[in-house]
Structures are given as C-alpha cells and as structure tokens.
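Good morning, and thank you for the time on today's agenda.

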Amino acid sequence: LRPIPYRKFGEASNPGPTVRMPGDGHCLYHALGWWAGKTQSQVRGQLAEVTWDTWRTLYPWDDGSAWNAFRLETKDYRIWGGADQIAVVAAMERLSIIVHTPFGDQTYGAGGCWHLQYTEGKAAHYDVWVPDSQISLPQPKAPNPATTDCQAQPRAVGGKKPGWHLG
C-alpha cells in the first residue's frame, strides 16, 4: 500500500506533499524503495551489487578499497545510508535524485527525477517529497534517461512494473 502524502503548510521550500518514511535507521532505503517499488532490504541488496565500472564513474581515484567498504556498509543494517548511496542509485539508474535540505537542494546524477526531503532533528532523516505536478498523474511512469528537465516519476503501484530496474 502506498502511504497517503500530507502537506506541510506554510513552507515555501516544500510546495508538494511529503510521504513520511519510518524513522528506523533505514529511512533513506525506505525512501529510495518508495520510488522504486521495492523494500528497503531489496534496495540495500541491489546497491551493494554496484559494479566496479559504475563505481569508477563516480569515484575514479578509488583503488577498490572504498568500493569494497561501500558494498559491506550498504549490506550492514546497522549503518545508515547517505550521499554515496544516493549517488550510486542515480548513476545505476541514470536518474537525477534531488535531495531538498535545510541548507539547499543537492542534486545527484542526470535524467528522470526522484525527490527526497532531508531533515535534521535528533537524527538525520529522509522522507519522499512529491512535487504537486506529479500528484494528478493517472499512472506512474518509468524514469526516462533522456529527460533533462527533471520531472519526478512516481513509483509503480498496483502490481505494475516499477521504474527502477536493478535486476
């Protein structure tokens, strides 16, 4: 089931609804999974399988040690995700992932768009942010790598194939 989004009224920086993710230490993976139509554990598992070629496009200076550490940390349920995981998803799927933060928007990758909302409180937290322009779409669309205007693409629902195809 898809959570019902709600609006944060009065916040000009957040004109669309926010879909709250559980605050269980896996919020980034839940948010990426919301867009992909996958569970947080599926997202972790698939991210941990990032190829060396994809990794090298992001981190050309790495000798393989950071790649191995990333894969081990991403599999470890005790470790939170962050910028590296977002960058790898964006590279693997040829997406733009825009993270809306209190200190400005951070964009990873290029292509069809997913939006996340990052907040800080007692701990860092990620939620899904859905632009108003995407709410009235009758059916979700798969991200289009040729898209350069970064229109958000909602995750698949109702048994339809998601737009994130990692395997």
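What you see is a predicted model, in which local features need pLDDT of at least 70 and side-chain atom pairs count only at pLDDT 80 or more, while totals for chains, interfaces and linings use all residues. Residues are numbered from 1 along each chain as its sequence is written, and side-chain values use heavy atoms, with hydrogens and water left out.

Let me start with the overall layout. The chain contains five helices and five strands; these are DSSP runs numbered from the N terminus, helices being H or I of at least four residues and strands E of at least two. Along the sequence, the order is β-α-α-α-α-α-β-β-β-β. Of the 167 residues, 46% are buried, where buried means under 20% relative accessible area, exposed over 50% and partly exposed in between, using a 1.4 Å probe and protein chains only. Among contacts with a separation of 6 or more, 52% are between residues 24 or more positions apart; a contact here means heavy atoms within 4.5 Å.

I turn now to the helices. Helix α1 is largely enclosed by the rest of the structure, because nine of its 10 residues are buried. Those buried residues include Cys-27, Leu-28, Trp-34 and Trp-35. Directly after α1, Gly-37 adopts a positive phi of about 75°.

How do α1 and α2 pack, and at what angle? Helix α1, residues 27-36, meets helix α2, residues 40-47, at about 95°, and their axes lie 8 Å apart. The axes are lines fitted to C-alpha atoms, for helices over the stretch in contact, and angles run from 0 to 180 degrees between N-to-C directions. The two helices are therefore roughly perpendicular, a label for 65 to 115 degrees; under 35 counts as roughly parallel, over 145 as roughly antiparallel and the rest as oblique. On the α1 side the contact involves Tyr-29, His-30, Leu-32 and Gly-33, and on the α2 side Gln-40, Val-43, Arg-44 and Leu-47. These residues comprise four nonpolar, three polar and one charged. In that scheme Ala, Val, Leu, Ile, Met, Phe, Trp, Tyr, Cys and Pro are nonpolar, Asp, Glu, Lys and Arg are charged, and the others, Gly among them, are polar.

In helix α5, residues 83-93, the buried positions include Ile-86, Val-88 and Val-89. Just after α5, Arg-94 has a positive phi of about 55°.

Next, the aromatic rings. Rings of Phe, Tyr and Trp (its six-membered ring) pair if their centres lie within 6.5 Å, and planes under 30 degrees apart count as stacked, over 60 as edge-to-face and the rest as tilted. By this rule there are eight aromatic pairs. One of them is the tilted pair of Trp-55 and Tyr-59, at 4.3 Å centre to centre with 35° between the planes. Trp-55 is buried at 2% relative accessible area, and Tyr-59 is buried at 15%. Tyr-118 and Tyr-126 also form a tilted pair, because their planes stand at 55°, with ring centres 5.1 Å apart. Ring pairs also join Trp-55, Tyr-59, Trp-61 and Phe-70 in a cluster.

Finally, Val-130 lies in the segment after β5 and is buried at 7% relative accessibility. Its C-alpha atom is 8.2 Å from that of Leu-116, 14 residues away along the chain.
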